[in-house]
Amino acid sequence: MIPDIIMHNLPAFLIAVPMFAAFATPLIGRLGNERVRDAWVLLAMALTAAVAVLLAAQVYSAGTLVYTFGGASPGIPVPADSGGIPVRIIFTIDAMSAFMALIAGIVGFSVTAYSMASQSRSSGRESYYMLLLLLTVGVLGMVCTGDLFNFFVFLEISSLAGAALVASRVDRGVAVEAGLKYAVLSTLGGLLVLFAVALLYGQYGSLNMALIAHQMQFTVLDMVALVLLVTALAMKCGAVPMHFWTPDAYSMAPAPVTAFLVVASQASLYGLFRVVFTLYNVTLNYSLVGWFIIIIGVLSMVVGVTMALPQKDVMRLMAYHAVSQTGYMLLGVGVGLAVLGDETLMSTFGLTAMEGGIFHIINHAMYKGLLFLTAGAVFYRTGTRNLNQMGGLGHNMKWTMVFFIIGALAIAGIPPFNGFASKLMIYESVFLFNPFLSIIAMVVSILTLASFVKVFHSVFMGPQLPEYQDVKEVPAYMLIGMGILALVVIVFGLFPQVVVDGLVAPAASALVDQSSYIASVLGGI
Amino acid sequence: MNMSRIVRTVADISFPFILIYGFYIVVHGHLTPGGGFQGGAVIATGIVLLVAAHGHEAVARQITGNLLKNAETFGLLLFIITALIAILLGQGFFTNWLANTGMLFGTPVAFGPGPGDLNTAGVIPIMNIAVGIEVLGALSIILYYMLSGAQEAR
Amino acid sequence: MFYNLPFIAVAVIAALGIVTMLLRQNLIKMIMGLSLIESAVNLFLVALGYREGGIAPIFTNAPAGEMVMPTVQAMTLTNIVIGIATTAMLLSFVMVIYRKYGTANAQYMRKLRG
């Protein structure tokens with residue numbers, strides 16, 4: 001049905017389609033009218049999402065996929081005359097990468113659809129769409145690449161595009177201030193990553209993750225590189241104590257950008273997991289690094305939710321919740337890492353904890369994206385984000401209210417929504433590891449519910465306020481964007497076992513299984 | 001804000017030389033140190049020189065912002081299309097599909113010491129030219145935006 | 001000792017950059033500090049690839065002997081390009097901030113606290 005030439009080059013198209021669309025957007029904007037350009041961007045995003053879905057289907061059915069850039073036959077990562085060294089830039093897409101690409105595809109498409117309406121009143125939309133597409137390129141590249149320097153380049157692409165998008169409402173000084181903060185920290189993080197990459201290259205003479213993982217000695221320099229990588233990537237994914245850019249950037253960016261920045265942060269989280277599990281794995285002291293990740297996870301959960309409670313700006317409140325939810329993922333995967341060396345513990349609860357953490361990544365991307373989009377919809381109609389000035393919007397914005405309820409219940413972990421499914425997996429498995437951590441996680445979940453009840457009450461409930469008498473429902477494009485995410489939230493909530501078995505478990509085992517990652521690139525060495 | 005006549009005349013005279021030198025660096029990117037980014041940056045410094053001598057507005061009338069934006073888009077598209085053609089030919093993304101084919105830039109490299117032949121290296125010179133066009137457009141447009149922002153502030 | 005000189009320079013430049021970023025209140029000086037760190041990383045990359053007595057890494061008709069490593073040089077160039085884009089963006093942010101607030105001092109831009 002689909003030509004072979006596409007099926008054989010899916011990893012290349014995953015990057016090439018949004019990149020080509022991004023480069024052509026200014027030209028099309030200048031030649032055609034606005035409708036043509038909007039249709040072009042939407043089509044490009046739909047194609048990217050379709051490529052991501054096809055790629056995921058291929059990876060889940062046929063196993064890890066390797067794509068060599070610049071090679072006459074992309075399937076062969078190690079050229080015959082290179083002496084067993086992969087010399088080119090190689091995309092190594094295992095189940096975990098495909099899983100992340102799938103998230104980026106779904107969220108990317110829905111935020112683009114949402115932007116069609118929500119950004120229609122702002123100027124400079126060509127640059128906005130171009131940057132949004134480039135941000136997608138950066139995220140997709142980060143999760144797919146098997147090359148350390150390439151990872152750094154895509155990290156910088158996503159940081160630059162993200163920072164420019166955060167500051168895109170230049171008419172307000174604060175947005176630029178938030179963009180500046182984000183850009184400075186991202187650049188600093190990127191330079192730390194590059195320094196670590198240089199340390200690794202200096203020792204092993206290669207940039208390929210599989211080759212470095214194969215030869216890893218865990219010398220002192222490797223430890224320095226590990227610390228640099230973990231610090232930089234934890235900062236980029238917004239974990240406490242390096243979270244201070246998150247509320248600013250998330251609350252000041254336009255809502256669709258924020259929804260996608262969540263995915264960009266998760267790509268950094270993916271990078272963190274990839275470094276720990278694939279690059280270092282067997283050489284690590286599991287419980288030490290595992291406990292380190294658990295501690296920053298628990299800190300993120302607690303600090304995030306306590307900072308969220310007193311907030312009055314709805315976007316800022318949700319941004320702190322994003323920090324708090326990142327903690328769940330770190331907790332789940334950290335527990336998995338802490339017991340990685342122990343076969344019995346791993347099979348009793350370690351793998352479940354990791355699956356819970358990874359399942360939470362996709363769930364969080366969906367419901368947090370949905371919540372940011374609803375906040376944006378309220379802002380679109382009322383022009384304020386202050387909770388104290390809103391009220392009674394449920395009378396006029398029924399669909400937005402429904403979507404908000406779905407998102408809020410999902411984030412608070414109420415059945416039958418998807419947040420419950422992943423949180424339950426984390427509670428159960430972490431309880432076996434350390435009951436105290438599990439109790440903290442539950443308390444945080446209750447506080448999250450309390451916080452969202454407050455938001456729901458002050459935004460949608462109550463009598464209709466006179467100043468919002470004429471407020472209408474948001475345009476159809478925005479409803480479509482929110483609807484896609486809400487649908488995913490509900491479907492994942494109703495059939496969690498199918499999703500866990502089909503999507504999450506292969507991703508978790510791909511992350512744990514370092515040797516098959518190495519073998520897929522280097523062959524059976 | 002105009003500089004003195006001497007500065008303006010010298011800038012006018014040296015601009016074509018800077019341009020030629022920039023193009024030389026771009027086109028010889030695969031043979032000598034340099035390449036698309038470096039050459040494009042050299043050309044952009046030529047535009048900086050003109051702006052410094054004649055003032056932003058006078059230059060922007062001749063070399064408009066739209067022209068530079070179009071140059072940027074053209075360069076980017078040329079780059080990615082060159083990379084995509086490899087897929088259409090059944091090879092990997094970014095494969096050097098022109099090397100050693102005898103077509104444009106397709107002469108095989110002669111063995112042994114030599115000064116190098118411009119007509120070699122396949123898609124690399126094409127990508128260098130694309131990057132050169134992109135960088136000269138991008139750096140100049142950054143400069144234009146910064147200058148217009150500074151003028152508004154004044 | 002002599003061979004380690006570039007790495008000592010890397011440490012000094014990076015330390016200067018970090019100190020500048022932490023101690024200076026002016027946003028433009030903070031960006032200068034960031035650029036210093038970037039230069040330190042670039043110097044580190046190039047110094048890694050240096051081989052004593054090595055020749056330029058051009059593979060056809062290369063004479064026998066050691067070559068300097070080409071990959072790190074490509075990485076450095078890429079990082080320089082990224083650095084220019086970042087610096088240009090950061091400086092334009094500072095310009096906008098200066099226009100809105102009338103100052104480029106980090107102490108006066110704490111509207112986003114809490």
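The following legends describe close-up views of a predicted model.

Figure 1. Chain A holds 20 helices and two strands. Its C-alpha trace extends over about 75 × 60 × 45 Å along the principal axes. For 525 residues, a compact globule would have a radius of gyration near 24 Å, and the 22 Å of chain A agrees with that expectation. Of the 525 residues in chain A, 64% are buried. Contacts in chain A between residues at least 6 apart in sequence join residues at least 24 apart in 80% of cases.

**Figure 2. The largest nonpolar core and the surroundings of Leu331(A).** The largest nonpolar core has 284 residues, of which Ala101(A), Val166(A), Val197(A), Leu331(A), Leu370(A) and Val489(A) touch the most other members. Helix α7(A) supplies the largest share of this core, 20 residues. Leaving aside residues up to four places away in sequence, Leu331(A) touches Ile294(A), Gly297(A), Val298(A), Met301(A), Gly357(A), Ile426(A), Val430(A), Leu437(A) and Ala441(A).

**Figure 3. Helix α15 of chain A and its cover.** Helix α15(A) comprises residues 398-411. The buried residues are Thr400(A), Met401(A), Phe403(A), Phe404(A), Ile406(A), Gly407(A), Ala408(A), Leu409(A), Ala410(A) and Ile411(A). Their cover includes α13 (314-338), α14 (343-382), α16 (418-433), α17 (435-460) and α18 (476-494) of chain A.

Figure 4. Pro415(A) and Pro416(A) are joined by a cis peptide bond, with omega about 5 degrees. Pro416(A) belongs to the loop between α15 and α16 of chain A.

Figure 5. Most residues other than glycine have a negative phi, and most peptide bonds are trans. Phe218(A), although not a glycine, has a positive phi of about 60 degrees. This residue is located in the loop between α8 (209-215) and α9 of chain A. Phe218(A) is partly exposed, as 13 other C-beta atoms lie within 10 Å. A cis peptide bond, with omega about 10 degrees, links Val240(A) to Pro241(A). Pro241(A) is placed in the loop between α9 (220-236) and α10 (245-252) of chain A.

**Figure 6. The contact between chain A and chain C.** On this interface, 27 residues of chain A are in contact with 26 residues of chain C. On the side of chain A, the elements that give two or more residues are α6 (148-166) and α7 (173-204). The largest share, 17 residues, comes from α7(A). By class, this side of chain A consists of 20 nonpolar, four polar and three charged residues.

Figure 7. Helix α1(C) covers residues 5-23. From first to last C-alpha, its 19 residues reach 27 Å, close to the 27 Å expected at 1.5 Å a residue. Val10(C), Ala14(C) and Gly17(C) are the buried residues of α1(C). Seen down the helix axis, these buried residues fall within an arc of 60 degrees, so they line one face of α1(C). They pack against α2 (27-49) of chain C. On the other side of α1(C), the exposed residues are Leu5(C), Ile8(C), Ala11(C), Val12(C), Val19(C), Leu22(C) and Leu23(C).

Figure 8. Chain B has five helices and zero strands. The C-alpha trace of chain B spans about 55 × 35 × 20 Å along its principal axes, and 38% of its 154 residues are buried. Of the contacts in chain B between residues at least 6 apart in sequence, 67% join residues at least 24 apart. Ile47(B) is part of helix α2 (residues 36-54) of chain B. With 21 other C-beta atoms within 10 Å, Ile47(B) is buried. Residues up to four places away in sequence aside, Ile47(B) touches Ile63(B) and Ser140(B). Ile47(B) and Ile63(B) stand 16 residues apart in sequence, with 8.9 Å from C-alpha to C-alpha.

Key: Residues are numbered from 1 along each chain as its sequence is written. Chains are lettered from A and ligands numbered from 1 in the order in which they are written. This is a predicted model: local features need pLDDT of at least 70, side-chain atom pairs count only at pLDDT 80 or more; totals for chains, interfaces and linings use all residues. Helices (H or I, at least four residues) and strands (E, at least two) are DSSP runs, numbered from the N terminus. The radius of gyration is taken over C-alpha atoms; the globule rule is 2.2 Å times the number of residues to the power 0.38. A residue is buried if 20 or more other C-beta atoms lie within 10 Å of its own, exposed if 12 or fewer, and partly exposed in between; C-beta atoms are placed from the backbone. Two residues are in contact if their C-beta atoms, placed from the backbone, lie within 7 Å. The expected span of a helix is 1.5 Å times one less than its number of residues. The arc is that of the directions from the helix axis to the C-beta atoms. Ala, Val, Leu, Ile, Met, Phe, Trp, Tyr, Cys and Pro count as nonpolar, Asp, Glu, Lys and Arg as charged, and the others, Gly among them, as polar. A nonpolar core is a set of buried Ala, Val, Leu, Ile, Met, Phe, Trp, Tyr and Cys residues joined through C-beta atoms within 7 Å.
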